[in-house]
Amino acid sequence: MTRPVFKRFGERPRFPAPLWLLISCFTASLFFMLFQGGKLASMLFIIITLLAIYLLAGNWSGIRRAQGTRKLSIQGQDAQLEAGQSLQIGIGVQIPGFWPIPYMIIKDQFIRQSGEETIFEGSLIPDWKRRGELLYSTPPLRRGYYRFGDTECLTEDIFGFFQHKGRLELQQSVTVYPQTVAIREWAQFHQMLKGMQHHSTTTRAHRETTQINGVREYIYGDRLSRIHWNATAKTGTWKSKEFERESLPKTIILLDRSARAYGDAAEFELAVSVAASLFRYGSGRDLALGLLSIGKESTYFEPKQSQNHHKHILKHLVGVEADGFRSLQQILKEHSRELPAGCFFVLISPQKGSVMMQVLTQLEHLQMNPCHMWIHAEPSHAFKLQGAVQESAKDDWVKAIRSQGYMGYEVSQLTDLPNLLGGAKRYA
């Protein structure tokens, strides 16, 4: 244990090669002036001395005490950053001190939730107030959580001998939500909804839950238990509690996160985008939607109508990965008691064949109305010669769903989803 200690104390400080060169030039000019003398030796010594003072004064250039700010802006009109969009970033820097800085290099670190790092590098020229701003744009971002690491500032003297560094701690986080598409109407869903709600003529016929949704004006005949006493005391007028009404039917979306089910990452991103688009549609229509997301960890959101509930689900979809290992049959068996009977159950999965048919039959036995969103990403150019075979397999699977009376859609691109649900390519 003592050898590393003696070695550490015996080590000599390491100076960079430019510093040794500067010391050598200064020493040589000093000896030349002392032993040779004359105007030439004196002038050379003065010049070397001034250059040495300038170069060594770079340690107090002020870049180590630099201060800065970072501004973020999204390309487009929406305030929410979705996958596929770029982020515009501006870094403003203020450098204290008086040492002349010809230019400055800024390295900004951008880290994704998986640990993937991207370094953005650029240069700027400070103005006479020693201020500057660097603007750059990221490439189209993938879905996930991002954060900015340390921002490194570098500068050099005019000769390029010495490099001086400083760090800016501008910690910020960025959330990139799944890409969504606006759905105008889900025709077949609302036809089924009317069939199940033909007995209900008004919204008052829906049963109320115990979840308070807000406060409304007092209506003659309201029970004393419905009166909101705090709101009544604050406003001076009678107020009653407003409860959420039970939606018929409730809708549950299952996102298949099995690692073996997806051919590549793009196919899983398509599945997540389809789920996010359905929740966006449900949020705009006040539908009671829930989510069953099973990967390494089990996550279940009960169907609710509140906007806050939909925001929590969307945040969950930001960080999901295809890391599951359990089969769909096992998932439904474990969560069958939590699922409400009579609900509309949407399966978002690339699986098909006998396994998926068994899952649809299992949902029907649980008194649910199943729907399969078959994720089938477009093949690459290398496999377009096999298009006829793939088209035949697709038709066979669609016919199998239709023959059993189940609702199903084949989604190859996210932009096709509005037309599929609107009735252009609808399978039942």
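**Chat about the model**

A: Over residues 41–63 the chain is 70% helix and 0% strand, with its end C-alpha atoms 35 Å apart. Helices here are DSSP runs of H or I with at least four residues, strands are runs of E with at least two, and both are numbered from the N terminus.

Q: What should I know about the model itself?

A: It is a predicted model, where local features need pLDDT of at least 70, side-chain atom pairs count only at pLDDT 80 or more, and totals for chains, interfaces and linings use all residues. Residues are numbered from 1 along each chain as its sequence is written, and side-chain values use heavy atoms, leaving out hydrogens and water.

Q: OK, which residues of α3 are buried?

A: Those are A41, F45, I48, T49, A52, Y54 and L55. Buried means under 20% relative accessible area, with exposed over 50% and partly exposed in between, using a 1.4 Å probe and protein chains only.

Q: And what do they pack against?

A: The buried residues of α3 pack against α2 (17–35). A contact here means heavy atoms within 4.5 Å.

Q: Switching topic: how many helices and strands are there in the chain?

A: The protein chain has eleven helices and 16 strands. Buried residues make up 42% of its 428 residues.

Q: Which residues touch the most other members of the largest nonpolar core?

A: W186, L278 and I348 do, in a core of 42 residues. Helix α6 (residues 265–284) gives the most to this core, with ten residues. A nonpolar core is a set of buried Ala, Val, Leu, Ile, Met, Phe, Trp, Tyr and Cys residues joined through side-chain atoms within 4.5 Å.

Q: What is L278 in contact with?

A: Leaving aside neighbours within four places in sequence, the contacts of L278 include I183, W186, I253 and L289.
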